[in-house]
Amino acid sequence: MAWSIEGGEALIDGALRRADVALAASRIAPQASSDALRFDAAGLLVLPGLVDIHGDAHERQMQPRPGVAVPPGLALRDSAAQLLAAGITTAFLGVTLSWEPGLRGIEAWRQTLATVAEARAAAGVDLRIHCRFEADNLDALEELLADIAAGRVQLLAYNDHTPGIMKRLSDAKQVAKYAGRCGIAPAAFVALAEQAWARRAEVPAARLRLSEAARAAGIPMLSHDDATIAMRQEFRALGAAICEFPMAEDVAAEARASGEHVVMGAPNVVRGGSHLGWSAAAPLAERGLVTVLASDYVWPTMAEAAFVLAGRGVLDLAASWALISANPAAATGLLDRGRIAPGLRGDVVVVDPATRAPVATFAAGRLAWLSPLGAARLG
């Protein structure tokens, strides 16, 4: 099916200008075919589809309440619909693979991979797996290495939350929260944490094996929550060329000086700061220290963050939109998307500038989602 998106302000070659955008055979076409269906985009913005490098909001569909699971197929169907409604056409689902059972354990990992594989063709959005591997989850190492070799993982992150968990084991309230997420008793959670921590000396060798596997498979790697420049350099040596959620400004600056992409959360921009009290993402993006914004835990914040940044007056909308489209595509090696140009994948989101909300999302050249306002624009 071919489309002609007509009369809108399209983001092309880094600038907004009045232009029609044609889609055919899953790609952006040089011009519309005679049989193309028409979408009236007058007064609207025609922008590249969003590429979400890190989003774990799907966990809320899988487990809407602690210990309450939803059938994975239903949860993923709901997630795909929400992603497309947010204008996201490529989604790296952040799937944590931890020593913790339950939502982030090995069984949930297996179930998620199987569900995504089954749903991928019909999902509309391009679903990919961003494995967030917890450093101390050594029992799952061999299985993850096999999954990487089999092509089931498209992005690998080095997570290390166990040290922080160990510091909180004396806090009954925190332990209860962790245990509730896992669906086990607090005492059992403490025992599991201590068991995982006892093998800490094995972590460096495991990371090296993961690095070798990811390199062999051509999978981009990123480090998560780098606290120091030394930590960033350590992960760089492993091949992690993306710095995700640096905990200090000097870490972000060092990564950018090394030519690396730096990722922070779009909710940080929308809320005006980090919910954890870390650096505010907006001024860092304006200074070029943050190059990618991810949904993190709220999908609609991606598009909203671009408009918030444009409204601050330092970056225009074209530069702000690159943080959620062209830049994450480049960071993950997806050079066929993130921009509107003939021959690239036909991922386009049409946005109402008055509400800053998507009205239509086209994914791989197909109309994948439509709002009531968008339905009125079909002709």
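Modeller: Start with one term: a residue is buried when its relative accessible area is under 20%, exposed when over 50%, and partly exposed in between. Keep in mind that this is a predicted model. By that rule, buried residues make up 52% of the 379 residues in the protein.

Colleague: What makes the radius of gyration agree with a compact globule?

Modeller: Set the value against the rule. For 379 residues, a compact globule would have a radius of gyration near 21 Å. The protein has 21 Å, so the two agree. The C-alpha trace spans about 65 × 45 × 40 Å along its principal axes.

Colleague: How many helices and strands are there?

Modeller: The protein has 16 helices and 18 strands. Take contacts between residues at least 6 apart in sequence: 66% of them join residues at least 24 apart.

Colleague: Why is Ser320 called buried?

Modeller: Its relative accessibility is 0%. The cut-off for buried is under 20%. Ser320 therefore counts as buried. Ser320 sits in helix 14, residues 317–322. Leaving out residues up to four places away in sequence, Ser320 touches Ala306, Leu309, Ala310 and Leu315.

Colleague: Which residues does Trp321 touch?

Modeller: With residues up to four places away in sequence again left out, its partners are Leu11, Leu47, Pro48, Leu50, Ala303, Ala306, Phe307, Val349 and Val351. Trp321 is also among the residues with the most contacts inside the largest nonpolar core.

Colleague: What makes a set of residues a nonpolar core?

Modeller: Its members are buried, come from a list of nonpolar types, and are joined through side-chain atoms within 4.5 Å. The largest such core here has 86 residues. Besides Trp321, those with the most contacts inside it are Trp109, Leu127, Leu144, Leu156, Leu210 and Leu293. A second core is separate and has 20 residues, including Val21, Leu23, Ala41 and Val348.

Colleague: Now the loop between strand 4 and strand 5. Is Ala25 buried or exposed?

Modeller: Ala25 lies in that loop, between strand 4 (21–24) and strand 5 (27–29). Its relative accessibility is 67%. Exposed means over 50%. So Ala25 counts as exposed.

Colleague: And why is Ser26 called partly exposed?

Modeller: Ser26 is found in the loop between strand 4 and strand 5 too. Its relative accessible area is 30%. That value falls between the cut-offs of 20% and 50%. Ser26 is therefore partly exposed.

Colleague: How do you find empty space inside a model?

Modeller: Rolling a probe the size of a water molecule over the atoms shows where empty space is left. A search of the whole structure finds two cavities of 30 Å³ or more.

Colleague: What lines the largest cavity?

Modeller: The largest cavity has a volume of about 80 Å³. Its lining is His58, Met62, Pro72, Ala75, Leu76, Ser79, Thr112, Thr115 and Val116. Helix 2 gives the largest share, four residues. By class, the lining has five nonpolar, four polar and no charged residues.

Colleague: Which residues line the second largest cavity?

Modeller: They are His58, Glu59, Met62, Val95, Thr96, Leu103 and Thr112. The space is about 30 Å³. Helix 1 gives the largest share of this lining, three residues. Strand 9 (88–97) supplies at least two. The classes are three nonpolar, three polar and one charged.

Colleague: What makes a space a pocket and not a cavity?

Modeller: In a cavity the probe fits but cannot get out, while a pocket is open. The second largest pocket has a volume of about 310 Å³. Of its 17 lining residues, Ser98, Trp99, Asn137, Asp139 and Leu192 are the closest to the centre. Helix 3 (106–119) and helix 7 (186–197) each supply at least two lining residues. The largest share, three residues, comes from helix 7. By class, this lining has seven nonpolar, five polar and five charged residues.

Notes. Residues numbered from 1 in each chain as written. Predicted model: local features only at pLDDT ≥ 70, side-chain atom pairs only at ≥ 80, totals over all residues. Heavy atoms only, no water. 1 Å grid on protein atoms, 1.4 Å probe; cavity = no way out; pocket = protein on both sides within 12 Å on 5 of 7 lines; lining within 4 Å. Points joined across faces, edges and corners; volume = space filled by probe spheres on them. Nonpolar A, V, L, I, M, F, W, Y, C, P; charged D, E, K, R; others polar. Buried < 20%, exposed > 50% of the residue type's maximum accessible area, 1.4 Å probe, protein only. Contact = heavy atoms within 4.5 Å. Rg over C-alpha atoms; globule rule 2.2 N^0.38 Å.
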